[in-house]
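Please work through each task before reading its solution.

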Amino acid sequence: MTDRAGHRKAAVWGAGGWVVGVLGVLVALPLAARDRLPDRLATHWDASGGPDSAMPFWAATFVPALIWVAMAAAVVLIQWRARRSAGGAAPGWVGATLGFGGVTLLGAQASIVRANLDHTDWREAGSVTVWVVVTLAAAVAVGAAALWAGHRARVTVPPVAGPTMEIPEGQRFVWLSRTSNPWLHVTAAVTGVVAVGASAASVGGLTGAEAVLLAGPLALATVVVLCCASVQARVSEKGLDVTFGPLGWPARRWAAEDIASARVETRTAAQVGGWGYRLNGLGTTVMLRGGECLVIRTVKGKDFAVSVDDAERGAALLNSLIGQRSRG
C-alpha cells in the first residue's frame with residue numbers, strides 16, 4: 001500500500017498553484033508597464049528580427065492569458081476522461097504540458113513587454129530572438145523534468161506478501177511506499193511563482209537587479225521545500241533507499257549490513273520539532289504527516305525515521321533481510 005491519495009492531492013495542489021500563478025503573472029506584466037508601452041504592441045517578428053505584426057494593448061495583455069486558461073482546461077478535461085476510463089494516477093504528460101506551456105507563455109509575454117518598452121510606436125520594437133531561444137530552452141528543461149518526475153511517480157513495485165514474512169531461498173521481495181505533504185507543495189508553488197514572476201519582470205525590463213536578488217533566494221527556497229514535500233522509501237535485498245522530491249534527489253541509502261534493526265513508531269510533528277527533515281533527540285526524522293513511521297537503527301546506534309504508510313511490512317522485510325545477512 002502507498003500513499004497514492006496524498007500524492008495525487010499534493011500534485012493537484014501544486015498544479016493548481018502553478019496555473020493560477022502563471023495566469024496572474026501573464027496579466028500583471030503588461031499592466032505594470034502600461035504607461036511605458038504604446039497603444040499597440042508588436043507581437044510578431046519576421047525572420048530578420050524586425051516586428052511585422054501588432055495587437056492592441058488589451059489583446060496583448062489578455063490573449064496569452066486566455067490561451068493559458070484554455071490549455072489548462074484542456075489538460076484537466078483530458079486527464080479527467082483518462083482517469084474515468086483507466087483509473088490511473090496523473091501521468092507525467094500533465095506536468096510536462098503545464099510546465100512547458102507556462103514557461104513558454106511567460107517568456108513570450110516578458111519578451112514582448114521588453115521589446116515594446118519605452119517606444120511610442122510598435123514598429124520601433126526591439127528584437128526578441130535571444131529571449132525566444134532562452135525561453136524555449138528553459139521550457140524544454142522544465143517539461144523534461146516534469147515528465148521524468150511523473151514517470152518516476154508511476155513506477156509501481158509488487159508489495160510483500162504479509163506483515164510477517166519468510167523469504168524463500170532464491171526469491172526476492174521489494175517494498176515501496178510514498179508520502180506527500182500538500183501544504184509543502186503549495187508553499188513551493190507560491191515561492192516558485194513569485195520567483196518566476198520576478199524573473200519575468202526583470203526580463204521584461206520592468207525592474208533591475210533587485211528582482212534578481214529576490215528571485216534567487218525564492219528559487220532556492222522553492223527547490224528546498226519541494227525536495228522536502230515528498231519522500232519515497234524502498235526496501236530491497238540491497239537495504240533501504242529513501243529519496244526526496246519529485247525527481248528522487250537527494251537520497252539516503254543504507255546497505256542491509258549497515259542496519260541493526262527496523263521497527264514501527266508513531267510520531268507527530270510536535271515530537272520531532274516540526275515538518276520536513278528534522279534532527280533531535282529521537283535521531284533523524286523525515287516528517288511529512290503525523291502517524292506511522294518506519295524507523296531503522298544503524299549498526300552505529302543512530303536512528304532514522306521516515307513517515308510512510310505500511311511501515312510494518314517495510315520493517316518486517318528489512319528485519320528478514322538483516323537476519324539472512326547475519327546467518328550468511
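**Exercise 1.** Which residues line the second largest pocket? Identify also the strands that contribute to the lining and describe its composition by class.

*Solution.* The structure is a predicted model.

Step 1. The lining of the second largest pocket consists of Arg252, Arg253, Trp254, Ala255, Asp258, Thr284, Thr298, Val299, Lys300, Lys302, Asp303 and Phe304.

Step 2. Two strands, S6 (251-255) and S11 (303-306), each provide at least two of the lining residues. The greatest contribution comes from S6, with four residues.

Step 3. Sorted by class, the lining comprises six charged, four nonpolar and two polar residues.

**Exercise 2.** In what order do the four strands of the open sheet lie? Explain why one side of S3 and of S6 is left without a neighbour in the sheet.

*Solution.* Step 1. The order is S3-S4-S5-S6, with antiparallel pairing.

Step 1. From one strand to the next, the twist averages 10°.

**Exercise 3.** How many bridges join strand S4 to strand S5, and which residue is the bridge partner of Arg234?

*Solution.* Step 1. Strands of a sheet pair through backbone hydrogen bonds, in a parallel or an antiparallel manner.

Step 1. S4 (residues 230-236) and S5 (residues 239-244) run antiparallel and are joined by six bridges.

Step 2. Arg234 has Asp241, in S5, as its bridge partner.

Conventions:
Residues numbered from 1 in each chain as written. Predicted model: local features only at pLDDT ≥ 70, side-chain atom pairs only at ≥ 80, totals over all residues. Heavy atoms only, no water. 1 Å grid on protein atoms, 1.4 Å probe; cavity = no way out; pocket = protein on both sides within 12 Å on 5 of 7 lines; lining within 4 Å. Nonpolar A, V, L, I, M, F, W, Y, C, P; charged D, E, K, R; others polar. Pairing = 2+ DSSP bridges. Axes fitted to C-alpha atoms, helices over the stretch in contact; angles between N-to-C directions.
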